[in-house]
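Dear colleague,

I am passing on the structure below for your files. My notes on a helix pair and a sheet follow it.

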Amino acid sequence: MLESLLHSSYFALFLIIALGFMLGRIKIRGLSLDVSAVIFIALLFGHFGVVIPNALGQFGLVLFIFTIGIQAGPGFFDSFKSKGKTLIALTLLVVGSACLTGLIFKYAFGIKTAEIVGLIAGSLTSTPGLAAAIDSTHSPAASIAYGIAYPFGVIGVILFIKLLPNILRINIEEETRRLEAQATDKYPILETGTFRITNRNIFDKSVQQLKVRSMTGAVISRIKQGDVLQIPSAQTVLHEGDLVKAVGNGKSLDQLTLLLGERINAEVPLGEKQEIESLLVTNKQVINKTLGNLNLQAAFGCTITRVRRSGIDLAPNPDLHIKFGDKLVVVGNKDGLEQLGRLFGNNEKKLSDTDFFPIATGIVLGVLVGKLNISFSDSFSFSPGLTGGILIVALILSAVGKTGPIIWSMSASANSLLRQLGLLLFLAEVGTSAGTTLVATFQQSGMMLFGAGCAITLVPMIVAVVAGHYIFKINLLDLLGSIAGSMTSTPGLAAADSMTDSDMPSIAYATVYPIAMVFLILFIQLIATLIL
């Protein structure tokens, strides 16, 4: 009975996942394999003839890469601008050292060129690289060598990434907190303050004349003039002794003090008809519009005092673009707030719902882009492939955010669920496929090609650590993602992703992966064409 159940791909798939999670939770000296353990269980099952259909693995790969691209997209272009040159240099070092290691083994042990390019593609687990190797050599030896190197290419990167924090003696949780605090420093914490107008130079002048927001960066939320409380508009005139309640960071509130007169310890309570509400942006019609274009004060008599996005409070300047899922803290009259709530949507259910149309459309576009074949000459052409096409499209769509009525982003919970599901399907299929031939190819081809493949996998990662950590001073999370991306290793990214809640490894991976893929195809074609 058990044997027949194991031949049912669905039963075998979920048994592999369940056992993988059990193994992944075992900790030895604080180190665990987490979700990466699934591939080791899959290798064992594959060795005993259990195979998960390739279609399930491809489906998982598509989901995993698309959700990674959607998650990394907003930060990808900023990362490329700030760290692009360093990460490109590191990627070139990794791919170049892999090819150089392969050439050393070729001349030292007389390995055929077709086998070397197959070993390089397998060691970096690159299917587009294998396609380039087969196309350039027209030899089945490239496929055989790829099959020999591939299993350690998968396992070696996972283990290396898992062990790297311990090797460098860096606590990854502390490093994550440090880097997140560093990133938060770019967005100073917003606070409130109360001010009394004592500066004679501004008496009887309007908020518009003083250009309060542009001059100081602070937002006035309400004003008390005598016994009258009001939400300020651009035409509100300030008088001596008025009390002003404002929101801003420390620097902007200090500048506001200089403008208005003095900062005091007092409260300016809301009037009977005034309220503070948090409104969720779930209406597609306002996505990507700026606060200035919406002109909320004139239209609704309301003032936005802060915008909360991805756990960070942003100052509501007129040029700030509204994004799906933003939480706006608004002060205004009850009627105005009700109308504003309808404008922004303020529907938590919509925030948690997953619209599969953008997901399906984005994946279709990615598959089509992956099929493109760009020819640079008679001897060199480049195709992004399935992984590259979907990643590129997801990055672009996520950065665009919205096209007409289509919102390309998805909630964090939906992204996490689909990413995890895709990853598990992919790891189970890859592991069983590699496990089927692992022992046979090892016995048939001997230790030489296997050893060369191991070296081609390990040497580039060691080069990446030496250059990235000690020369370029790349932080650990970026380094983990860069190693996985430059090795074109999706399981490696999975290992890095399971080690931290930060999306920095995913962004680094997305930054270097397309570059690594282009370099690898180019180098493989050059080796196959120029070296006999």
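In which hand does H20 cross H21? The crossing of H20 past H21 is right-handed. Please keep in mind that this is a predicted model.

The helix pair

Helix H20 covers residues 490–499 and helix H21 residues 504–530. Their axes lie 9 Å apart, and the packing angle is about 160°. Since angles over 145 degrees count as roughly antiparallel, H20 and H21 are therefore roughly antiparallel to each other.

On the H20 side, the contact is made by Thr490, Leu493, Ala496 and Asp497. These meet Pro505, Ser506 and Tyr509 of H21. By class, the residues of this contact between H20 and H21 are four nonpolar, two polar and one charged.

The sheet

There is also an open sheet of five strands, with antiparallel pairing and the order E4-E3-E6-E1-E7. Its edge strands are E4 (228–230) and E7 (261–264), each of which pairs on one side only. From one strand to the next, the twist averages 25°.

At the E4 end, strand E3 (residues 219–225) pairs with E4 in the antiparallel sense, over three bridges. Within E4, leucine 229 has lysine 224 standing opposite.

Regards

Methods: Residues are numbered from 1 along each chain as its sequence is written. This is a predicted model: local features need pLDDT of at least 70, side-chain atom pairs count only at pLDDT 80 or more; totals for chains, interfaces and linings use all residues. Side-chain values use heavy atoms; hydrogens and water are left out. Axes are lines fitted to C-alpha atoms, for helices over the stretch in contact, and angles run from 0 to 180 degrees between N-to-C directions. Helices (H or I, at least four residues) and strands (E, at least two) are DSSP runs, numbered from the N terminus. Angles under 35 degrees count as roughly parallel, over 145 as roughly antiparallel, 65 to 115 as roughly perpendicular and the rest as oblique. A crossing is left-handed if the near helix is turned anticlockwise from the far one by less than a right angle, and right-handed if clockwise. Contact means heavy atoms within 4.5 Å. Ala, Val, Leu, Ile, Met, Phe, Trp, Tyr, Cys and Pro count as nonpolar, Asp, Glu, Lys and Arg as charged, and the others, Gly among them, as polar. Two strands pair if DSSP finds at least two bridges between them.
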